[in-house]
Structure formats: C-alpha cells, structure tokens
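Open the model in your viewer and keep the selection tool ready. We will go from stop to stop.

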Amino acid sequence: MTHAMLKGSNVPLDATTVRAVLRWTPGQGVPDVDASALLLGLDGRVRSDEDFVFYNQPRHPSGKVWRLGKKRVSEGLTDTIQTDLSGMEPGVGRVLLVASADGVSFDRVPALCIFLYDAAVAEGEPLAHFEIKPETGAETALICGELYRRGEGWKFRALGEGYSNGLKGLATDFGISVDESEGALPAGALPAEVGAAAAAVPPVALPETTSQPLPPAVPVGQGAYGYPPPAAGRDGEFRLPPQGPQFIGR
C-alpha cells in the first residue's frame, strides 16, 4: 500500500534499502533537475564534505548512499538516490533527499514529486508518494524529504522546504565547505583548457647559465576522487577540488 504523504507527515520504513525517485514533467523552459543527498550527524550537520552525495560525487565513501542516475519514463524524467539503511553508520542520524534546479526556480518545474520504494522488491508499488509544491515558487533547491532514525528503525518525513539561493545555500546551511572564489580553475579541467590558460601567461626568460632541465609537465584532466571531469557550461555548478566541493558561478 502506497502512503500519500502530506507536508510534515511521516511513515515508518520496514525496508532495509530504499530507493528515492524524484520525478517531474519535462518541457520547453523546464530546467534540468538533480537529486542529491546529505548525510547528517546527530548534531544536524554533515561530519565532512564527503557527506554530500551529488552529481560530482555520486557515491558516499561508506557505499551506503549513491545516485542511480536519470531515466526517462512514461510519466516524465526521474533522478534517483538509493540508501542502505541497514548498514548506515551509527553517527548518521538523518539523510536529506534534495532536488536542485540548476539556478532556475521550481515554479517552472511541473508535477514534481518523490516516490519511495523498497529496493529489494522488483516492480513493487511505492512505499510512499509526496507531491512537492514549493511555498513561494522562487526556490532553486528543495529538501523533498528526509530519512531519519527513530529508535531501532527508520522513518521517512515529507518536507518540501526550499532555498532561493540554490544548492550552494542549502549545502552551506548544513556545514558543507563552499569555495566561492571567482575564476578558480575547476577540478577536472580539460588539458585544452589548461593549455589555453597557460598560453595567456608570458614566458619567463631563463638565465643563460642555466643548465638544469625543466621538470616534466604534471598530467591533468583527472576529476576529483577519480571521477571523470563533469561537462563544462553549467552555471552555478558544484565541482570537487581535492580539498572538498567548490562552487563555480553564482
């Protein structure tokens, strides 16, 4: 039986692994929507930047929360987060399920909703369903709901809480380190990008007496944490330098 959720309501979860499917209706002028998750400690904040699972860091180091990616279904487009509740670290008290709209407000995203499934049941009915209606329409990031501990078990709460300053504002609010420096070289920059930047710097003349060879060039192009570089051109996108997430753009 599927529980139709109202904002603020909650439902107990018997499933040990849940699949949270964010779904919306695409169309002209509708922004791309991304699902992400924040693992919060018992103090309500992330323990480190690694507790942020999103498009540039699609799997938590513990292996218990990960993105399954986007799919086109008959009802629209989906993006999915899967969580292994049974193996969750004791220090994690909540997992926030988040939607962001790439800098565009959610009043332009029709039929936004989240479905919760038991990942162990193939083709099963949703455990819960929540139609998300932004309060102002100006939100560019939304906490759709949360998985949270209750005694020895877990529950899901429908939230629909929004941020007008996007994923940057939401992530910062829960303790993610965000580098807002303008013009910084993003992690995973392509060799051609680096070459173009280097070409703009005048060469330094070496003394005639120099006889030592120059050090070899350092290879570039590998994305942070071993992931391939993200595609360029998305305004306001988080990217991961070795020390943590970096926010390029807004």
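Keep in mind that the model is predicted.

R94 belongs to strand β8 (residues 92-100) and E146 to strand β11 (residues 141-150), so the pair ties together parts 52 residues apart in sequence. E146 is buried, at 3% relative accessible area.

Next, select K70 and D34. Their side chains meet in a salt bridge, 2.9 Å from N to O. This pair links distant parts of the chain: K70 sits in strand β6 (residues 65-73), D34 in strand β4 (residues 34-41), and 36 residues separate them. K70 is partly exposed at 37% relative accessible area, while D34 is buried at 3%.

Move on to R47 and D51. They form a salt bridge too, with the closest N and O atoms 2.9 Å apart. R47 counts as partly exposed, at 40% relative accessibility. D51 counts as buried, at 2%. The structure holds 9 salt bridges.

Last stop: helix α1, residues 166-173. Is this helix largely enclosed or open? Of its 8 residues, 6 are buried, so the rest of the structure largely encloses α1. Select G166, L167, K168, G169, L170 and A171 to see the buried ones. Then step to G175, which follows α1 and has a positive phi, near 100°.

Technical notes:
Residues numbered from 1 in each chain as written. Predicted model: local features only at pLDDT ≥ 70, side-chain atom pairs only at ≥ 80, totals over all residues. Heavy atoms only, no water. Buried < 20%, exposed > 50% of the residue type's maximum accessible area, 1.4 Å probe, protein only. Helix = DSSP H or I, 4+ residues; strand = E, 2+ residues; numbered from the N terminus. Salt bridge = Lys/Arg side-chain N within 4 Å of Asp/Glu carboxyl O.
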